[in-house]
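Q: I'm new to this one, and I'd like to learn how to read a few of its features. Could you show me the structure and walk me through them?

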Amino acid sequence: KKTSSSQSSSTKYLVGERKFEINALCRVFLGKRFGLHLYTFFLSIYVYCTLWAYTSVFASAMSKALPVFDNGDPDGNYLWYAVIFAVLVVPLSCMELNEQVAMQVFLTGCRFLMVFLMVFTSAECAQSNDAAAGIGEGEDSHDDYAAPLFNLSGLHHSIPILVFATIYHHSIPGLAHPVADKRELNGIFRATTIFSSIAYGFIGITLGYVFGTRIADSANLNWKDFGIIEREGRSDAMLWFADSVSFFVLCFPAIDVVSAFPLNAITLGNNLMGMAFGRKIHEVEKNRLVVIQFRLLASIPPILLGILVRELGTITGYAGTTAFIMTFTFPSLLYIRSRRKAIAKKFDSITYYTTFASNEIYAIALCWFGIGMFVFVTTLLIRG
């Protein structure tokens with residue numbers, strides 16, 4: 001779709017109504033063997049690990065917040081909640097994004113509330129954790145469990161998790177498709193990146209300082225004992241507030257991943273379908289039976305893995321390594337190849353979305369940065 005601009009003589013290209021998944025672009029600009037197959041391989045590892053982590057978050061949080069199965073046995077409750085999670089998310093993964101708009105908007109508001117509560121109740125939560133562990137005031141100091149501000153020996157663990165937390169590049173076609181005015185996409189994704197970076201940084205520094213080495217793999221689990229101190233001197237309203245905060249912080253991430261799981265499963269299912277059908281993808285993507293089969297292939301295996309392996313840090317660490325390739329390398333290669341092909345065919349290489357960062361030198365640097373970090377971090381993770 002083309003639009004003319006009165007401010008520029010260049011033809012500017014807007015995203016049209018036809019959606020192209022990233023692996024379809026890889027097939028066009030990078031070739032079937034290197035582009036399509038290699039990208040889908042990395043995407044599959046990343047998304048399967050992501051959905052695997054979501055299963056672990058949901059089952060772990062709910063088994064601690066509401067251990068109502070198997071007489072409170074942690075393993076039994078984890079298994080039951082993993083099954084409940086599957087019953088919730090697998091049907092959602094077979095739906096389209098435009099059928100989930102109301103739920104996604106509501107949960108976005110809840111995410112803001114979650115960040116606010118975790119930051120501003122973290123100090124009292126740390127005191128509650130001490131009380132639950134039988135540590136009295138003065139028996140232990142913050143310095144005894146403080147996390148160091150810098151620890152380069154743990155860099156290979158933290159960097160993949162940082163990338164894992166902020167990546168959404170593979171889902172951009174699906175997220176952009178329902179947007180009515182495609183001219184707003186630049187601002188939407190720029191604001192998303194800036195806000196998520198600030199929010200993750202703020203909450204990470206705050207909780208890291210308050211809890212130190214006592215912080216749980218899934219930080220919300222520290223709120224299990226929130227509000228247990230000085231209950232006798234508090235009003236009923238304050239007790240209700242403390243219990244509500246504890247329950248919300250424990251349970252909301254579990255509820256939130258119910259909305260996040262389908263977003264990633266839909267992306268993976270669409271890309272697997274694109275790899276299977278290639279140029280014929282637009283002929284079969286309206287066939288609901290075929291679509292559902294690929295969505296099931298994307299959504300069921302990671303839940304089974306989540307039942308078998310539950311260590312969240314291990315899962316996100318390996319998922320983050322593949323994210324280097326998907327976040328830095330493939331987008332850079334697509335930019336370089338598409339720009340060169342446009343110039344070779346006498347098309348305008350400037351689009352509606354071109355910015356100061358749209359240059360080949362920057363793209364080449366990002367490409368090699370992604371490859372280098374993937375090799376570096378993967379090597380360190382394997383060595384332990």
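A: Let's begin in a loop: Asn71 sits between helix 1 and helix 2. Helices here are DSSP runs of H or I with at least four residues, strands are E runs of at least two, and both are numbered from the N terminus. The model is predicted, so local features need pLDDT of at least 70 and side-chain atom pairs 80 or more, while totals for chains, interfaces and linings use all residues. Residues are numbered from 1 along each chain as its sequence is written, and side-chain values use heavy atoms, leaving out hydrogens and water.

Q: What is the phi of Asn71 near?

A: Most residues other than glycine have a negative phi. Asn71 has a positive one, near 55°. Asp70 also has a positive phi, near 50°, and lies in the loop between helix 1 (22–65) and helix 2 (74–93).

Q: Is Asn71 buried or exposed?

A: Buried means under 20% relative accessible area, exposed over 50%, and partly exposed in between, using a 1.4 Å probe and protein chains only. Asn71 is exposed because its relative accessibility is 86%. Asp70, at 44%, counts as partly exposed.

Q: How many disulfides does the structure hold?

A: A disulfide is a pair of cysteine sulfur atoms within 2.5 Å. This structure has zero.
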